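Here are my notes on the model, as numbered points. Please read them with the structure open.

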Amino acid sequence: MSAPSSPTGAAIGTVSRHEKSLGLLTTKFVSLLQSSEGGILDLKQAVDQLEVKQKRRIYDITNVLEGIGLIEKESKNSIRWKGATPGPESNEVCNQLQQLKKKLANLEEQERQLDEQYDKMQVCLRNTLESISDKQYP
């Protein structure tokens, strides 16, 4: 008999692949870092707060974030956030993104309608040309 499973298919009491993913851990780590006082975070505290079993995963994340210029090392076990902070600017960017997505959807609908009209006109033109060629002049 197998262990009972959750809706995701993982056995109850076990951690799913998604919950262990590096992407999810990175998201949690960045949120923790952005909410830390002064944007400075002690990596040992981060490991404890995020309940990470392998410190190496945190160091992998910090190496990438440092490589792309979002953080910098303050000391051996301390880092500082250099990237954007969540706030009015990021909300404004999200709003602009929503507006652009709506505009794109409207333009795609207009394009679909124009394509439909073009196809109809092609059929009308073809029918007209066929009708003319079918007529014989004396």
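1. Asn 77 has a relative accessibility of 16% and therefore counts as buried; buried means under 20% relative accessible area, exposed over 50%, and partly exposed in between, with a 1.4 Å probe and protein chains only. Asn 77 sits in the loop between strand E2 (71-75) and E3. Leaving out residues up to four places away in sequence, Asn 77 touches Leu 41, Asp 42, Leu 43, Lys 44 and Tyr 59, where contact means heavy atoms within 4.5 Å.

2. On the basis of the numbers: this is a predicted model, in which local features need pLDDT of at least 70 and side-chain atom pairs count only at pLDDT 80 or more, while totals for chains, interfaces and linings use all residues. Residues are numbered from 1 along each chain as its sequence is written, and side-chain values use heavy atoms, with hydrogens and water left out.

3. The protein has five helices and three strands, in the order α-α-β-α-α-β-β-α along the sequence. Helices (H or I, at least four residues) and strands (E, at least two) are DSSP runs, numbered from the N terminus.

4. Of the 138 residues, 18% count as buried. The protein exposes about 11300 Å², and carbon and sulfur atoms supply 54% of that area; accessible areas come from the Shrake-Rupley method with a 1.4 Å probe, and for residues only the protein chains shown count as cover. Among contacts with a separation of 6 or more, 45% are accounted for by residues 24 or more positions apart.

5. How do helix H2 (residues 22-35) and helix H4 (residues 55-67) pack, and at what angle? Their axes are 10 Å apart, at an angle of about 70°; the axes are lines fitted to C-alpha atoms over the stretch in contact, and angles run from 0 to 180 degrees between N-to-C directions. H2 is therefore roughly perpendicular to H4, a label for angles of 65 to 115 degrees, with under 35 roughly parallel, over 145 roughly antiparallel and the rest oblique. H2 contributes Leu 22, Leu 25, Thr 26, Phe 29 and Val 30 to the contact, and H4 contributes Arg 57, Ile 58, Ile 61, Thr 62 and Leu 65. These residues divide into seven nonpolar, two polar and one charged.

6. The largest nonpolar core has 16 residues, and those with the most contacts inside it are Phe 29, Leu 33, Leu 41, Ile 58, Leu 65, Ile 71 and Ile 79. Such a core is a set of buried Ala, Val, Leu, Ile, Met, Phe, Trp, Tyr and Cys residues joined through side-chain atoms within 4.5 Å. Two or more residues each come from H2, helix H3 (43-49), H4 and strand E3 (78-81), and H2 gives the most, with five. Leu 65 touches Phe 29, Val 30, Leu 70 and Ile 71, not counting residues up to four places away in sequence.

7. Gly 23 belongs to helix H2 and counts as partly exposed because its relative accessibility is 47%. From C-alpha to C-alpha, Gly 23 and Ile 61 are 9.2 Å apart in space, and they are 38 residues apart in sequence.

8. One backbone angle to check: Glu 51, a residue other than glycine, has a positive phi, near 55°. Glu 51 lies in the loop between H3 and H4 and, at 67% relative accessibility, counts as exposed.

Note on methods: Nonpolar A, V, L, I, M, F, W, Y, C, P; charged D, E, K, R; others polar.
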